[in-house]
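Good morning, and thank you for making time on the agenda.

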Amino acid sequence: MRPSRNLRDNTSLVAPIGSNKNTTVNDSRTYVTRPDLPPLEDFLPLLRQIWESRTLTNGGPFHRQLEAALCEYLGVRHLSLFANGTLALITALQALGIRGEVVTTPYSFVATAHALLWNGIRPVFADIDAESLNLDPARIEAAIGPETTAILPVHCYGRPCATEAIADIAERRGLRVIYDAAAAFGVKDAGGSVLRHGDLSVLSFHATKVFNTFEGGAIVSPDVATKQRIDQLKNFGYVDEVTVVEAGINGKMSEFNAALGLLQLPRVDQAILRRREVDALYRALLTGVAGIRCLPPVAEVATNHAYFPILVEAAYPLSRDGLYDRLKAAGIHGRRYFFPLISDFPMYRHYPSARPENLPVASAVAGKVICLPIYPELDDATVAAACRLIAAP
Ligand SMILES: *Cc1c(COP(=O)(O)O)cnc(C)c1O
């Protein structure tokens, strides 16, 4: 598969290597991602079914089918669909009754920590590991205090956390573990789906993710009782027609989104395969570029290639923002995920753990990272053009 719809004339996108001329921009820009969609014609019959049944939400037939199909695809036993990943994160914390303080990473999308604030929980930021960019288990352990009740790690860029070390800490210290697996759709380690780790795992099906339902999300539960409780909490806390047991939220996925998900699921393997090719091409073309570091592939992990981050080190002639601007001027819009750190946003920076001195690795990485475009429709010529710009600053 070599799709080329996104750019009509890739060769005019950038000046050749060695040229001092400013790079030219045509009207087709390349963004960090471009959502994969099924043919619109395939969606129309499903919409017709929704129109005929008048079942729009509240666990309709497409919702039930998608839950079953996702359990099978992901290799998990129980899954609850949500309207988005953030509501799923908020509900996961509520379902386990998490209180007090939770240790989490500053190097993530802001929704990770927001889910804590929505539950009245104080985040405690711990630093990340310089190689994996996931929470450093030693720093988790050091951050645990008398009020700590749980750990909220993130499989950053879909790359698995140190799940065994985290399980060991949680067991020794009596803590719950909720994984923000928003970016880890379909990721498997040597033992199977990464979603089996921890007490709960949370997925996002946002437009920018590897598997999208426009907006959507899910919680993976270990047992049917936990799934039932979560299903009640996402429906205002209703247990039956006349009984409400808790202040649940409205987190339900609609039939529209669930039907779309059923069409997306058979496409996702092919999409990940093309992402893998793009990843390999970036690695091949960026090898040996002084000052540019790619994250190493993770051993024994089938990853989903959700992102392609590069780190712009001191040996590179331009600053990170210099390179970011240069790419953008040529129509290649990377994203500085994750900059600023969550701990630098105004609602977090007063926490003692948010101080940059406490987070030296995360602070340094946030100043170096650019996520380059990666998505199934991205063609080789655009990847090559981006790499030429990077290689000849
Ligand atoms: C996308 C994302 C979220 C939020 O998911 P939404 O579905 O957009 O609400 C949370 N955490 C991480 C790490 C994400 O990448």
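I begin with F338, whose place is in the loop between β15 (332–333) and α11 (360–366). Helices here are DSSP runs of H or I with at least four residues, strands are runs of E with at least two, and both are numbered from the N terminus. The peptide bond from Y337 to F338 is cis, with omega near 5 degrees. P340 is found in the loop between β15 and α11 as well, and a cis peptide bond with omega of about -5 degrees joins F339 to P340.

Before I continue, a word on provenance. This is a predicted model, in which local features need pLDDT of at least 70 and side-chain atom pairs count only at pLDDT 80 or more, while totals for chains, interfaces and linings use all residues. Residues are numbered from 1 along each chain as its sequence is written, and side-chain values use heavy atoms, with hydrogens and water left out.

Two further backbone points concern phi. N58, which is not a glycine, has a positive phi of about 60 degrees; N58 lies in the loop between α1 (40–53) and α2 (61–74). L133, also not a glycine, has a positive phi of about 65 degrees and lies in the loop between β4 and α5 (137–143). As background, most residues other than glycine have a negative phi, and most peptide bonds are trans.

I turn to charge pairs. A salt bridge is a side-chain nitrogen of Lys or Arg within 4 Å of a carboxyl oxygen of Asp or Glu, and a search of the whole structure finds 24 of them. In one, E101 pairs with R122, the closest N and O atoms being 3.5 Å apart. Because E101 lies in strand β3 (residues 101–104) and R122 in strand β4 (residues 122–125), the pair ties together parts that are 21 residues apart in sequence.

Finally, the ligand. Which residues are the closest to the ligand? They are G85, T86, D180, S204 and K209, from a surrounding set of 14 residues, where a residue counts as near if one of its heavy atoms lies within 4 Å. A backbone N or O atom of G85 lies 2.8 Å from a ligand oxygen, and a polar side-chain atom of T86 lies 2.6 Å from an oxygen atom of the ligand. In the side chain of D180, an N or O atom is 2.8 Å from a ligand nitrogen. The elements giving two or more residues to the shell around the ligand are α3 (85–95) and α4 (111–118).

Definitions and conventions: A polar contact is a pair of N or O atoms within 3.5 Å; within protein, one must be able to donate a hydrogen and the other to accept it, and residues adjacent in sequence count only if both atoms are side-chain atoms.
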